[in-house]
Number of protein chains: 4
Amino acid sequence: MEKMKFTIIGGDLRNVKLAELIAAEGNSVNIYGFDKASFDVKIRQSNTIEEAVDGSDVVIGPIPCSNDNEYINAPFHSEKILIHDVFKFMNKNQLFIAGRISDKIVHLAQVCNVYNVDMLEREEMAVLNAIPTAEGAIQIAMEEMPTTLHNSNALVLGYGRIGKTLAKMLQGIGANVFVEARKYADVAWIKSYGYKAVSLSELTQTVKDMNVIFNTIPFVVLDNDILKMLNPECLIIDLASKPGGVDFEKAKEIGLKAIWALSLPGKVAPVTAAEFIKDTVFNIIEELGV
Amino acid sequence: MEKMKFTIIGGDLRNVKLAELIAAEGNSVNIYGFDKASFDVKIRQSNTIEEAVDGSDVVIGPIPCSNDNEYINAPFHSEKILIHDVFKFMNKNQLFIAGRISDKIVHLAQVCNVYNVDMLEREEMAVLNAIPTAEGAIQIAMEEMPTTLHNSNALVLGYGRIGKTLAKMLQGIGANVFVEARKYADVAWIKSYGYKAVSLSELTQTVKDMNVIFNTIPFVVLDNDILKMLNPECLIIDLASKPGGVDFEKAKEIGLKAIWALSLPGKVAPVTAAEFIKDTVFNIIEELGV
Amino acid sequence: MEKMKFTIIGGDLRNVKLAELIAAEGNSVNIYGFDKASFDVKIRQSNTIEEAVDGSDVVIGPIPCSNDNEYINAPFHSEKILIHDVFKFMNKNQLFIAGRISDKIVHLAQVCNVYNVDMLEREEMAVLNAIPTAEGAIQIAMEEMPTTLHNSNALVLGYGRIGKTLAKMLQGIGANVFVEARKYADVAWIKSYGYKAVSLSELTQTVKDMNVIFNTIPFVVLDNDILKMLNPECLIIDLASKPGGVDFEKAKEIGLKAIWALSLPGKVAPVTAAEFIKDTVFNIIEELGV
Amino acid sequence: MEKMKFTIIGGDLRNVKLAELIAAEGNSVNIYGFDKASFDVKIRQSNTIEEAVDGSDVVIGPIPCSNDNEYINAPFHSEKILIHDVFKFMNKNQLFIAGRISDKIVHLAQVCNVYNVDMLEREEMAVLNAIPTAEGAIQIAMEEMPTTLHNSNALVLGYGRIGKTLAKMLQGIGANVFVEARKYADVAWIKSYGYKAVSLSELTQTVKDMNVIFNTIPFVVLDNDILKMLNPECLIIDLASKPGGVDFEKAKEIGLKAIWALSLPGKVAPVTAAEFIKDTVFNIIEELGV
């Protein structure tokens with residue numbers, strides 16, 4: 001890829017690392033929205049949004065883009081940054097990439113004639129993000145369990161991207177891996193990869209012997225009926241986005257330890273997460289022929 | 001599942017084993033079309049198609065169902081079996097399951113009022129069949145190569161069902177696994193599983209160092225341009241259905257060994273293949289609520 | 001094995017769990033030295049050492065047996081327990097098992113006519129203990145590194161029990177595993193298991209690219225010359241018992257993060273550690289034909 | 001390593017490949033005893049033993065060195081080569097390396113003042129040779145079994161070098177791996193690597209469910225009592241050197257298929273075997289400081 005000019009505006013530690021990574025490959029990088037951040041390498045902070053955006057090929061925003069649809073999500077900045085202020089300085093040859101760009105922001109972009117891509121809608125990004133998510137889940141399990149994961153019975157609910165990645169790592173550490181899935185084809189894959197397939201109807205029996213359960217399904221699978229079958233020592237780690245997959249109140253009542261672990265990539269492995277963002281951004285650029 | 005009555009008509013060693021497996025689970029099994037086959041367990045051969053089909057819940061035909069759209073594919077039978085003769089004795093409450101049921105046969109079934117399902121169109125069947133296919137490919141590689149697969153450079157072209165299963169097994173034996181894929185999401189999965197991802201543009205360079213190449217893509221990837229880059233000792237195993245993925249004539253000209261290995265499940269592991277057919281048949285029955 | 005009578009005297013959380021595990025298998029268990037511990041199951045605490053030891057087949061002490069060669073290591077007890085007080089109530093048909101029984105304690109046992117076995121000198125115990133040690137090391141690495149272990153470069157120094165176990169788990173999570181070993185046979189095993197073998201002479205070059213280094217060799221391998229070659233972000237985890245394998249002062253000077261992680265089994269997985277103690281104790285009993 | 005002069009005298013396909021490999025690294029190579037062999041690269045065949053040996057640093061013989069203690073094992077030569085004729089032209093600064101050098105040959109070497117090393121007594125050679133042995137065993141199992149190894153029950157008798165390597169590969173293909181071992185420490189390792197440990201006393205029960213049994217123990221473990229417990233479909237592959245580990249007569253009587261597979265490295269992967277010989281030869285040279 002030819003060297004390009006990037007602007008990075010706002011975001012958490014991942015965007016700090018992203019700026020460093022993109023600069024390290026010889027690209028020009030302007031940043032704005034990081035007056036409280038410290039960088040390992042020298043990167044010049046722009047004084048104004050206009051200066052930051054000027055002449056740039058690609059403007060990269062945070063994940064998520066905004067928490068209120070009005071201001072850029074910029075935890076490392078002491079002042080607020082209006083999304084509109086970013087868009088108004090961008091021209092139609094520039095590309096805006098961020099994560100979770102809401103309908104309202106998309107609308108604003110259209111009004112401002114800003115071409116935008118949501119990186120979280122990229123399949124490869126979701127696949128790659130499953131890696132730090134799975135590792136983060138394993139770290140939590142290791143911290144919380146009084147036994148080793150090795151030779152423990154570990155159940156993964158759901159066989160999507162996170163389920164697949166987590167099952168493989170758990171097997172790699174030596175756990176006895178059970179995976180719950182509904183589709184016949186998923187069950188076939190589960191057998192093919194050497195895990196024990198658990199159907200929904202077998203769930204109530206299977207959970208009894210589990211030492212740890214990881215949920216990846218975004219609706220309440222672990223309801224009262226299932227929870228009361230669990231071994232009291234069984235740890236529950238919920239990786240599903242809202243509304244989550246656990247009846248946390250019931251779990252507490254019964255005395256089960258249940259942890260809702262969200263947004264792990266940015267927390268447990270910001271540098272790796274930044275690398276994956278970079279890869280995805282470059283894929284988008286290549287595909288669009290920017 | 002409740003015990004049911006099955007009829008198995010025609011087919012190769014897989015259907016012989018299938019009959020034994022279904023009977024072993026306590027179901028009633030009539031067979032027809034196996035007068036030259038030998039069975040490990042006692043299964044009564046029906047004298048006529050009518051007798052075989054009478055009172056049955058499910059009639060299972062071969063894979064492929066027919067080679068000429070007229071007669072049942074029945075290599076173990078001394079006489080020819082007209083598909084129409086099977087269909088005419090079936091009633092509309094009976095289910096016909098076979099593999100690769102052509103449009104012409106589907107039409108005949110409709111005319112005869114026979115409800116039919118093609119098991120090869122079932123996703124789980126394709127996933128499961130990838131297991132004996134991959135093992136068969138590995139067996140051939142072991143037989144043909146003067147080196148071990150362990151520590152060899154093995155390239156898998158394509159990351160579909162066979163590519164995924166094969167890559168995992170090759171890694172399990174200790175090969176250095178390279179996988180060629182185009183989609184960004186596939187490349188992400190390839191990295192996630194620990195293989196080396198090879199893009200189409202890198203292919204020419206990568207093939208130079210390979211000891212064995214497995215193709216799973218059904219169009220000619222290994223054309224003259226790629227073939228002439230190969231190490232002369234490199235073995236090629238083509239697993240793709242017609243037209244295959246190798247310019248076999250060119251390969252021969254250059255002096256490369258290229259093997260086109262088709263229909264491996266029935267050849268290398270008929271018993272396992274029969275088990276997978278049974279699983280799929282039972283899934284179909286469960287889904288249809290027969 | 002026939003049911004027997006056990007006494008457990010002193011020790012940390014592992015001995016608490018051990019008492020529960022042995023009782024759960026239907027054996028009689030007396031405990032002493034746990035007045036501050038809480039047990040998940042009901043186990044009667046003896047009032048005196050004499051009462052605890054009386055009629056017992058096997059008396060199990062802590063790991064390590066003592067920190068001063070005079071008192072039993074009993075962190076859960078409010079009073080001190082003289083080793084001599086334990087031995088004097090034991091008869092010659094009773095067996096004393098503990099971990100790290102010093103020469104001085106062995107001498108005392110001989111004087112008191114107490115047959116004793118050091119469980120840490122059992123090969124299987126050391127092999128099993130490597131499992132929680134390796135998992136603990138991985139947990140620390142996950143907590144400390146800003147990247148995933150997946151796809152990181154991880155170097156293991158030494159290929160003994162911990163090195164072997166750790167290398168396998170790291171590979172299972174998806175790290176690129178390098179192992180330093182000297183013996184030709186070890187190098188052969190390292191290749192056989194699919195890790196990259198690093199000889200002592202290659203070490204200086206190899207360390208440059210590492211993201212994490214785990215040391216298992218009990219002498220200073222990571223001295224100033226090696227340390228200054230490391231990437232400043234590289235994490236060092238030292239698992240070697242005294243004197244350890246890292247020049248910690250130099251590491252600090254250079255700005256490298258180095259963690260000396262000792263006695264991991266009891267810390268990260270006391271229940272698993274207790275199971276391994278139980279297995280080993282039962283092996284000793286079986287071997288001696290107690 | 002500095003470039004050296006090698007002589008290769010006699011041996012099978014492995015020594016043919018060995019000559020090519022050593023020459024490919026820039027060393028000078030004389031060969032003798034291959035008048036019926038064809039080489040992929042140009043290597044000059046010496047006309048006489050004297051010419052072949054003259055000026056050489058290291059003389060490499062075959063594996064095994066001889067079948068009768070008198071003549072060099074030279075299947076590719078049309079004439080017989082007396083061991084004594086080789087030794088008499090060697091001087092005391094030259095090193096003779098071969099495999100399985102009998103006491104009688106050692107004695108002859110001493111008489112002739114020839115310094116000799118048996119490469120089969122090198123631990124690393126034995127470890128490396130376990131790789132093609134295990135792969136060869138897997139190839140045979142794949143060829144003979146009507147099921148896939150994936151998801152089959154595979155029992156490995158013995159946990160030495162071959163047992164370890166084979167267990168790992170079987171697991172990598174997706175078999176359910178059982179390993180029989182006696183020592184407590186081996187049982188611990190077996191659990192650590194994720195196989196199911198089988199003690200001698202459990203063997204009779206375990207064998208019933210096996211689809212394939214690999215023996216590596218050089219005494220008759222699979223005697224009449226065990227054999228009659230086996231499933232009639234169970235395949236037996238014996239990898240143990242004489243007297244082997246199977247009562248083959250009884251097996252035949254019962255109708256069990258039992259294959260005695262010896263000397264697999266040279267048969268299934270001569271090129272890899274040659275590489276391992278080369279590595280070992282170079283290790284010997286390095287150690288001796290030749």
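Across all chains, the structure holds 30 aromatic pairs. The model is a predicted one. One cluster of linked rings draws on chains A and B. Chain A contributes A:Tyr159, A:Trp189, A:Tyr193 and A:Tyr195 to this cluster. From chain B come B:Tyr159, B:Trp189, B:Tyr193 and B:Tyr195.

Rings also take part in charge contacts. In chain A, the ring of A:Tyr71 lies under the charged end of A:Lys80, with 4.6 Å between that end and the ring centre. In chain B, the charged end of B:Lys196 sits over the ring of B:Phe178. Here the distance to the ring centre is 5.1 Å.

The interface between chains C and A was examined next. The size of an interface is often given as the accessible area lost when the parts come together. Chain C and chain A bury about 2000 Å² between them. Carbon and sulfur atoms account for 59% of this area. C:Glu135, C:Met142 and C:Thr148 supply 29% of the area that chain C buries against chain A, more than any other three residues. The contact involves 24 residues from chain C and 24 residues from chain A.

Zero salt bridges are counted between chain C and chain A. Polar contacts join eight residue pairs, with both residues at pLDDT 80 or more. On the side of chain C that touches chain A, helices H5 (123-144), H6 (161-173) and H12 (270-288) of chain C each supply at least two residues. H5(C) gives the largest share, seven residues. By class, this side of chain C comprises 13 nonpolar, six polar and five charged residues.

Technical notes: Residues are numbered from 1 along each chain as its sequence is written. Chains are lettered from A and ligands numbered from 1 in the order in which they are written. This is a predicted model: local features need pLDDT of at least 70, side-chain atom pairs count only at pLDDT 80 or more; totals for chains, interfaces and linings use all residues. Side-chain values use heavy atoms; hydrogens and water are left out. Contact means heavy atoms within 4.5 Å. Buried area is the accessible area (1.4 Å probe) that two parts lose on being put together, summed over both. A salt bridge is a side-chain nitrogen of Lys or Arg within 4 Å of a carboxyl oxygen of Asp or Glu. A polar contact is a pair of N or O atoms within 3.5 Å; within protein, one must be able to donate a hydrogen and the other to accept it, and residues adjacent in sequence count only if both atoms are side-chain atoms. Helices (H or I, at least four residues) and strands (E, at least two) are DSSP runs, numbered from the N terminus. Ala, Val, Leu, Ile, Met, Phe, Trp, Tyr, Cys and Pro count as nonpolar, Asp, Glu, Lys and Arg as charged, and the others, Gly among them, as polar. Rings of Phe, Tyr and Trp (its six-membered ring) pair if their centres lie within 6.5 Å; planes under 30 degrees apart count as stacked, over 60 as edge-to-face and the rest as tilted. A charge sits over a ring if NZ of Lys or CZ of Arg is within 6 Å of the ring centre and within 35 degrees of the ring normal.
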